[in-house]
Amino acid sequence: DALPIFIKYGIPYTTLRDWKKNEEKFLNLPDNKLKKRTLHKGTSIINLDLERKLINFIEYNRKLFNPITTWCLLLKVFEYAPERKNKSIKTNQQLIYRFLKRNHFSFRTKTHIGSTLDESAFIQASLFLNVVWNNRKNYGFYDEIIGNMDETPVFFNMVPSKTVAYKGQKSILIKTQDQEKCRITVLLTITAAGGKLPPYIIFKAKNKGKIEKLLQTDPNVQLNKCFVACNQNAWSTEDIIKDWYAKVWLKYLSSNELDNDEKKGYLILDKATSHYTNNLISLFNKGDNIISFIPGGLTRFFQPLDVSINKPFKQALKEKYVDFCLNNASEDAQSKMSRTKMIQCICDIWYDEKIISKEMVYKSFRVTGIGNKLDRSEDPLFGAWAKMKNEIPLIETDLEDDYPFNKNDEILDDEED
């Protein structure tokens, strides 16, 4: 192993490799020539005391999930070894890069941003899963009528951050539309059986006249492949959720595809402000419909759309945007993506089994633990949540009335929470 030799003597791997290749040649050298040979030690290693301090500094801060930059390490080098202040910045940076390489460190891109979870989060997660399982068992909810809905923002200008270009170019330009701040909100809905319900698209418009034209002329809207609405900010509001509930969820529950005369259903939602109101709770809990809210901070573990669907959906939209730019390219100006074209892209992606398959949707409920078998034969570890902890402290109890927002419950005041 070349690493211990490099750390101890500072001899680069390439030098060791060359010595190994010419081992016989060195051994067969005459004595008079062998004496003239000197050991090549390579560049001097950073002093071991400084190296240990830097390693401890990195390990301690990464355990706390703190970011560490080159400049941060440079300041630490000056703090631990003041004599290095006499060296140039470039020399000290090269020292840091060699140190990182020698100790198997590298600069990594963050995978996601989130808050750390304490023990109370595990208790909330256990309560939530038990409530979901108890509701499924007590009310007989089967996969086809268990749903999850989530809002995701979509921008008209979805320019990729990288492009192919020649090496050495100082400026890399990408032509964009004049729509950097234009965005819409898409409400996606899936079921535990792998079904995909029509997307609900919210456009930004003060005047509903333009949207009414879409309702009358757009083929996807006419065929009920999607539903369209608008408001001043293209945000999801209480009125929008009520409209989605009537047009998408209730319409699906009463469809001929389901043997569901009672029109019962089970919704899993996050605690977004547009969902989390008394009016909506009472609306959702009418009849045999029940809703459960994912505890705050745990949506990345328990919301199927967040875990498995939103990322490939938005990535495919970016690819559609690039394809649109290439097919409508001109030297003078860039064609803008219209509302009709955006609706077409969303519907094409949403209903394409190669992008978002029935199996992917089905597994998204299993990975979160929401759709697993009630005999617990499928849940030694709950996929996405297994990253949080090796063992999940499930609480074995009947929690039907202990968890808020079961049937006909009202929102508790902050003091009572």
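A search of the whole structure, which is a predicted model, finds zero disulfides, a disulfide being a pair of cysteine sulfur atoms within 2.5 Å. Take Cys 226: the closest cysteine sulfur, in Cys 347, lies 3.9 Å from its own sulfur, which is too far for a bond.

| Residue | Relative accessible area | Class |
|---|---|---|
| Cys 226 | 0% | buried |
| Cys 325 | 12% | buried |

Now to the sheet. Six strands make up an open sheet with mixed pairing, in the order S4-S3-S2-S1-S5-S6. Strands here are DSSP runs (E, at least two residues) and helices are runs of H or I with at least four, numbered from the N terminus; two strands pair if DSSP finds at least two bridges between them. Strand S4 (227–231) and strand S6 (289–293) stand at the edges with a single partner strand each, so one side of each has no neighbour in the sheet. From one strand to the next, the twist averages 25°.

Strand S5 (residues 265–269) runs parallel to S6, joined by five bridges. Leu 269 has Phe 293 in S6 as its bridge partner. Helix H11 (residues 238–253) packs on the sheet, touching strands including S1 (146–155), S2 (183–191) and S3 (196–204), with contact meaning heavy atoms within 4.5 Å. The direction of H11 makes about 160° with that of S3; axes are lines fitted to C-alpha atoms, for helices over the stretch in contact, and angles run from 0 to 180 degrees between N-to-C directions.

A word on reading the model: residues are numbered from 1 along each chain as its sequence is written, and side-chain values use heavy atoms, leaving out hydrogens and water. Local features need pLDDT of at least 70 and side-chain atom pairs count only at pLDDT 80 or more, while totals for chains, interfaces and linings use all residues.

Terms used:
Buried < 20%, exposed > 50% of the residue type's maximum accessible area, 1.4 Å probe, protein only.
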